[in-house]
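Here are a few notes to read alongside the model. Have the 3D view open while you go through them.

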Amino acid sequence: MAGAPTRPQTPAPDAPAPIVDFCGAKHPTTGAVTLFATFLDDVAGNDWDSRTLDEDGWDYFGLYTALIPGSGTPSWVQRPGPDNIAFARVDVPSNDSRKVWAVTPFDNPPPKVCKSLDGGITWVNTFNVANNASITTAMQGDGSYFGWYYGGATFGLDVSDNNPNVVAI
């Protein structure tokens, strides 16, 4: 699809960047389908192989969305988070494409867990890191055994289809 970030290295400078996370949902009233994907910038200042899924926060192109039209060709549109942060993971309840959740890599402290109610156009950081207010149980975090520097990978994100305010990371 058009609009996806490309890998600016040779010999294939126009090759699409690897997709790290992917999901999609229908709009609850229009029925239009929106796809969501995060892309890895596997050549940004390093020589890492994309298969290692480098979790460095600077190595993501971030979140892109694509509305699937009734006719024509969809294209990706970048949807940066607050302060232009690049998201690493994304999920959305399958029945409402407006309620999107996305997270930054946790090795770029403090982590951000953001929610959008308009399909990824605007974002609110919902993760309160002060005194671990948003954490139920953890060994990582503010004042804990491990600070935010440890365990930086965000390997998954899941939003409940039944209650889009319930999120597992």
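1. Which residues of strand β7 (residues 113–116) are buried on one side and which on the other? Val113 and Lys115 are buried on one side, Cys114 and Ser116 on the other, and both faces of the strand are covered. Buried means under 20% relative accessible area, with a 1.4 Å probe and protein chains only. Strands are DSSP runs of E, at least two residues long, numbered from the N terminus.

2. A quick word on the ground rules: this is a predicted model, where local features need pLDDT of at least 70, side-chain atom pairs count only at pLDDT 80 or more, and totals for chains, interfaces and linings use all residues. Residues are numbered from 1 along each chain as its sequence is written, and side-chain values use heavy atoms, leaving out hydrogens and water.

3. Now the neighbours of β7. Strand β6 (residues 100–103) pairs with β7 in the antiparallel sense over four bridges; pairing takes at least two bridges found by DSSP. Ala102 has Cys114 as its bridge partner in β7. β7 also runs antiparallel to strand β8 (residues 124–125), joined by two bridges, and Lys115 has Val124 as its bridge partner there.

4. Elsewhere, look for an open sheet of four strands in the order β1-β2-β3-β4, paired antiparallel. β1 (19–26) and β4 (77–78) each have a single partner strand, so one side of each is left without a neighbour in the sheet.

5. Finally, find Thr38 in strand β2 (residues 33–40). Thr38 is buried, with a relative accessible area of 0%. A polar atom of its side chain lies 2.9 Å from the backbone oxygen of Ala88.

Technical notes: Buried means under 20% relative accessible area, exposed over 50%, partly exposed in between (1.4 Å probe, protein chains only). A polar contact is a pair of N or O atoms within 3.5 Å; within protein, one must be able to donate a hydrogen and the other to accept it, and residues adjacent in sequence count only if both atoms are side-chain atoms.
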